[in-house]
Amino acid sequence: PFVELVVVGDLPGSKDDFIPIKRQGSVDQDLLFDSRLAIERELKRQGYWRAGVKYESQDTPQKRVITFTVDRGKRYRVDHVELPAGLHVKRSDVDVIAALKPGVWFSEDAVTRAFIGLAAVYQQDGYYNVKLDPKYVDVPGRAADEGGVVIVPNITEGPHAVIELT
C-alpha cells in the first residue's frame, strides 16, 4: 500500500536517516522499532535525558499512515558529581572526565562509559571487586527549558589487593 510518514515534533536529524522507510523499501515492525530506538538514543546523547518517541500505524483502504511522535522534553546538563570523601579516587580524577564535567550536556550512556573507565582504574590499582551503581538526581537547570543532573556514583570500592612476589 501507499505509505505516508508523519513526524510530530522535531527529529534530531534527517527523516530519511532516522526512519529509513524509503531507503529500505519496508515498513516492518522491526524497522519502525529500531527507528524509534535510534531517535531516542540520539536525543538522549544530545542531553534530552527524558526524551520519548512513539509510533503508530494506521491503515485505511487507500494508504498506511505511520506517525512518529517525538517528545524531546527538557535538555539536561551535568550539575555536578557528588563524590564522597575518603575514596581511593580523587576529585581531580573525576574532574578530567569529559562526560562528568559540570555544564556539559548530560548523556547517561556517556556517563556509564566514563564509570566503566573509572572502574578499570580502580581495578588496575588493586580494587578488584569495585562496584559503581550511579544514581541521577533531577535538579533545576539554568533556564526554564533546561534541567540539571547531579550524578551520584555510589562507589563500593571493595577489598584492596596487593600482589607480593617472594
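Strands β6 and β7 run antiparallel and are joined by six bridges. Together they form a hairpin, with five residues between the two strands. To find one pairing in this predicted model, look for Val139, which stands opposite Gly148 in β7.

Now let your eye move to the other partner of β7. Strands β4 and β7 run parallel, and six bridges join them.

Is β7 mostly covered or mostly open? It is mostly covered, with seven of its seven residues buried. Glu146, Gly148, Val150 and Val152 point one way from the strand, while Gly147, Val149 and Ile151 point the other way, and all are buried.

Next, follow the chain back to helix α5, which covers residues 108-124. Its 17 residues should span 24 Å at 1.5 Å a residue, and because its end C-alpha atoms are 24 Å apart, the expectation and the model agree. The buried residues of this helix are Ala110, Val111, Ala114, Phe115, Leu118, Ala119 and Tyr122. What covers the buried residues of α5? The cover includes β5 (131-132), β6 (135-140), β7 (146-152) and β8 (155-156). After α5 comes Gly126, whose phi is positive, near 100°.

There is another sheet to explore. This one is also open, with three strands in the order β1-β3-β2 and mixed pairing. Strands β1 (2-8) and β2 (52-59) stand at its edges, each with a single partner strand, so one side of each is left without a neighbour in the sheet. Here the twist averages 15° from one strand to the next. Seven bridges pair β1 with β3 (residues 63-71) in the parallel sense, and Val3 has Arg64 of β3 as its bridge partner. Finally, helix α3 (residues 29-45) packs on this sheet, where it touches β2 and β3. The direction of α3 makes about 155° with that of β2.

Key. Residues numbered from 1 in each chain as written. Predicted model: local features only at pLDDT ≥ 70, side-chain atom pairs only at ≥ 80, totals over all residues. Heavy atoms only, no water. Pairing = 2+ DSSP bridges. Helix = DSSP H or I, 4+ residues; strand = E, 2+ residues; numbered from the N terminus. Axes fitted to C-alpha atoms, helices over the stretch in contact; angles between N-to-C directions. Contact = heavy atoms within 4.5 Å. Expected span 1.5 Å × (residues − 1). Buried < 20%, exposed > 50% of the residue type's maximum accessible area, 1.4 Å probe, protein only.
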